[in-house]
Amino acid sequence: MNLVLAAEPYGADFKVPPAGEIFNLPPLFEIAGVGVTRVYLIIFFSVLFASILMLLAFNNPKVIPGKLQSIGESIVEFVRDGIAVDIIGPEGKKFAPFLTTIFLFVLFNNMFKIIPFVNFPSTSRIAIPLILALITLVVFVGTGIKYQGLSYFKEVAFPPGVPKPVYILLTPIELVSTFILRPLTLTVRLFANMVAGHILLTIVFLATHAFFRLPGIIPEGSNLAGLPVGILTLALGPITVAFEGFVSFLQAYIFAILAAVYLAGAVEPEH
């Protein structure tokens, strides 16, 4: 989005750029012949910031926690007690590190959408949600095998309490739903929300850039018919940024919640 805004002169005609201009980012530099794009840097700094936060929070824990320790403990308790234990049960504590890692990774990568001069969520590239969804698939299938043995697959394919003739229809649906649709929906939900949010922010800022023309720097002969639109989008800008910040948190929370639900089914079939 920053590149698009920089390329357009102030007060230029409003036009929504092609998706390729706001999602396909050119390499910034190369390392060993591999082009490093902004997406790589966002992922790198997301992992770096999350790691630094947790290291500083728990490197030297005190009985009376400081600010960083309080933040770290709040995050861990939120995921452990509010997601893992609530959904999976007492066994959920074992999965708190995995769910916390997933939650923080998605949250930090999402939040770069509203960071000035970055304004891009790496999770709007489908490869990132897809990899996270495949990792989740491997973890909950591995958990199912660990807790239930190979009968995990039997429990998935043949849910108990169902008349046997129904299995003719139900078994293919359950297998596809568990092993294909779960990772697919995890991927698409996060990807689509981040793409939509990035497009929304781009349109709001582009409209402000095109229509909101300050007195004294209005080009000679400019058409001011779009000024109300510029004022409106200028006013909506902070609201849109705050809304997308909330969506970024919400999507990280939903991803962790769904991962916990899938893990719960792997730990206990009745879940």
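A residue is called buried when its relative accessible area is under 20%, exposed when it is over 50%, and partly exposed in between, using a 1.4 Å probe and protein chains only. S248 has 0% relative accessibility, so S248 counts as buried. This is a predicted model, in which local features need pLDDT of at least 70, side-chain atom pairs count only at pLDDT 80 or more, and totals for chains, interfaces and linings use all residues. Residues are numbered from 1 along each chain as its sequence is written, and side-chain values use heavy atoms, with hydrogens and water left out.

Start with the whole protein. It has nine helices and two strands. These are DSSP runs, numbered from the N terminus: helices are H or I with at least four residues, and strands are E with at least two. Along the sequence, the pattern reads α-α-β-β-α-α-α-α-α-α-α. Of the 271 residues, 41% count as buried.

Now return to S248. This residue sits in helix α9, which covers residues 227–267. The side chain of S248 reaches the backbone oxygen of E244 at 2.8 Å. That is a polar contact: a pair of N or O atoms within 3.5 Å, where, within protein, one must be able to donate a hydrogen and the other to accept it, and residues adjacent in sequence count only if both atoms are side-chain atoms.

Next, look at helix α3. How far apart are its end C-alpha atoms? They are 30 Å apart, which agrees with the 30 Å that 21 residues should span at 1.5 Å a residue. The expected span is 1.5 Å times one less than the number of residues.

Which residues of α3 are buried? They are R38, V39, I42, I43, S46, A50, L53, M54 and A57. They cover an arc of only 145° around the axis, which puts them on the same side of α3. The arc is that of the directions from the helix axis to the C-beta atoms. An α-helix has 3.6 residues a turn, so residues three or four places apart point the same way. On the other side of α3, L55 and L56 are exposed.

The C-alpha atoms of G72 and L53 are separated by 7.2 Å, although the two residues are 19 residues apart along the chain. G72 lies in helix α4, residues 67–88. G72 is buried, with a relative accessible area of 0%.

Rolling a probe the size of a water molecule over the atoms shows where empty space is left. On a 1 Å grid over the protein atoms alone, a cavity is a set of points where a 1.4 Å probe fits but cannot get out, while a pocket is an open set with protein on both sides within 12 Å along at least five of seven lines; lining residues have an atom within 4 Å of a point. Grid points are joined across faces, edges and corners, and a volume is the space filled by probe spheres set on the points.

The second largest pocket has a volume of about 180 Å³. Its lining is S46, V47, A50, S51, M54, V76, T100, T101, L104 and F105. Helices α3 (38–58) and α5 (96–111) each supply at least two of the lining residues. α3 gives the most, with five residues. By class, the lining has six nonpolar, four polar and no charged residues. Here Ala, Val, Leu, Ile, Met, Phe, Trp, Tyr, Cys and Pro count as nonpolar, Asp, Glu, Lys and Arg as charged, and the others, Gly among them, as polar.

What about cavities? There are two of 30 Å³ or more. The second largest cavity has a volume of about 40 Å³. L186, R189, L190, Q251, I254, F255 and L258 line this cavity. Helices α8 (167–211) and α9 each supply at least two residues of its lining, and α9 gives the most, with four. The classes are five nonpolar, one polar and one charged.

Helix α8 also holds I173. I173 is exposed, with a relative accessible area of 53%. I173 and A157 are 16 residues apart in sequence and 8.5 Å apart in space, C-alpha to C-alpha.

Finish in the loop between α5 and α6 (127–148), where F117 is found. Phi of F117 is near 70°, a positive value in a residue other than glycine. N119 is found in the loop between α5 and α6 too. N119 has a positive phi of about 50° and is not a glycine. Are these residues buried or exposed? F117 is exposed, at 76% relative accessible area, whereas N119 is buried, at 9%.
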